[in-house]
Amino acid sequence: MAFTLDTNLLLELAESAVVNGHWNDANDLFEDACSARPSPEIRISYGIFLAEQERFHDAICQFCCVLDGGDLRAKAIAMHNLACIYRELDEPKLARRFQQLAISFAGDCGFEELLGIANDAYLTGNEDLAPSLMGMIEAMPASAEEPDLDHLATRAVIDTEDARRSLLQLFTVYRQRPRHDVRRRGIDLMNLANLFATLGRFRAQKRCLNLALAQFNACTGGYSLRKIQQRLCELRKTG
């Protein structure tokens, strides 16, 4: 029992380090917990942390270790997270495949699964399916908790009928994100930049991209940094 408590304490300390932006300390604590007890739960927690740091290869390795085990629920969670990673890497077909496998292993299609499928539909240009899936999510029984910010952000991005309404929704999501959630705040800013571009507000687009650049610098998000730098370079070329 003491051994389990030690690894639980390591996980608590790791999560605390994440909240305080101490990324190296968090990584060391996750590694210690994983070395002491490489359970599916610890590997999943570590994998999520690595993905948030955009260390996608390392995150994939952790989730693949979970897939080698026999815990079906853990496998479903790992596959859901792999789908999220491949969406980030602009691999919608792989993302959709892992999302389908996650649903198959979970034996259920809940809120997060529907949100993932809606994202995949949007990324592959299925303009009818994505809003339809978001409508299904809206029709689900309301939670007693605050609305999920990722849900609100996805709805704002997919809702292409009214760019100004989406802009307001997404700005509200960005303002409500916890300060320590720097990577997701960066993604919100990238989506805001896209909406400003749709409205022809290119100065605002550039400002959002520069703010996103600062967010990803803070969380070592190298992949997104390169994407933003490329977009800023394109903006400079077009004047």
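Which residues have the most contacts inside the largest nonpolar core?

## The largest core

In this predicted model, Phe30, Phe49, Phe63 and Ile85 have the most contacts inside the largest nonpolar core, which has 34 residues. At least two residues of this core come from each of the helices α1 (2-19), α2 (23-36), α3 (40-52), α4 (56-67), α5 and α6 (92-106). Helix α5 gives the most, with seven residues.

Leaving out residues up to four places away in sequence, Phe30 touches Leu11, Ala14, Glu15, Val18, Ser45, Tyr46 and Phe49.

## Helix α5

Helix α5 covers residues 72-88, and its 17 residues should span 24 Å at 1.5 Å a residue. The C-alpha atoms at its ends are 25 Å apart, which agrees with that expectation.

Is α5 enclosed or open? Twelve of its 17 residues are buried, so the helix is largely enclosed by the rest of the structure. A residue counts as buried when its relative accessible area is under 20%. Among the buried residues of α5 are Ala74, Ala76, Ala78, Met79, Leu82, Ala83, Ile85 and Tyr86. The buried set also includes Lys75, His80, Asn81 and Arg87.

At the start of α5, the backbone nitrogen of Arg73 lies within 3.1 Å of a side-chain oxygen of Asp71. Just after α5, Asp90 has a positive phi of about 60 degrees.

## The whole chain

The protein has 13 helices and zero strands. Of its 239 residues, 44% count as buried. Its accessible surface is about 13200 Å², and carbon and sulfur atoms account for 53% of that area.

How much of the contact pattern joins residues at least 24 apart in sequence? Among contacts between residues at least 6 apart, the share is 47%.

## Confidence in the model

The average pLDDT of the protein is 81, and 85% of the residues score at least 70. Among the elements, α4 has the highest mean pLDDT, 94. Helix α8 (residues 129-139) has the lowest, 69. Where pLDDT is low, the predicted coordinates should not be read in detail.

Methods
Residues are numbered from 1 along each chain as its sequence is written. This is a predicted model: local features need pLDDT of at least 70, side-chain atom pairs count only at pLDDT 80 or more; totals for chains, interfaces and linings use all residues. Side-chain values use heavy atoms; hydrogens and water are left out. Helices (H or I, at least four residues) and strands (E, at least two) are DSSP runs, numbered from the N terminus. The expected span of a helix is 1.5 Å times one less than its number of residues. Buried means under 20% relative accessible area, exposed over 50%, partly exposed in between (1.4 Å probe, protein chains only). A polar contact is a pair of N or O atoms within 3.5 Å; within protein, one must be able to donate a hydrogen and the other to accept it, and residues adjacent in sequence count only if both atoms are side-chain atoms. A nonpolar core is a set of buried Ala, Val, Leu, Ile, Met, Phe, Trp, Tyr and Cys residues joined through side-chain atoms within 4.5 Å. Contact means heavy atoms within 4.5 Å. pLDDT is the predictor's confidence in each residue, from 0 to 100. Accessible areas come from the Shrake-Rupley method with a 1.4 Å probe; for residues, only the protein chains shown count as cover.
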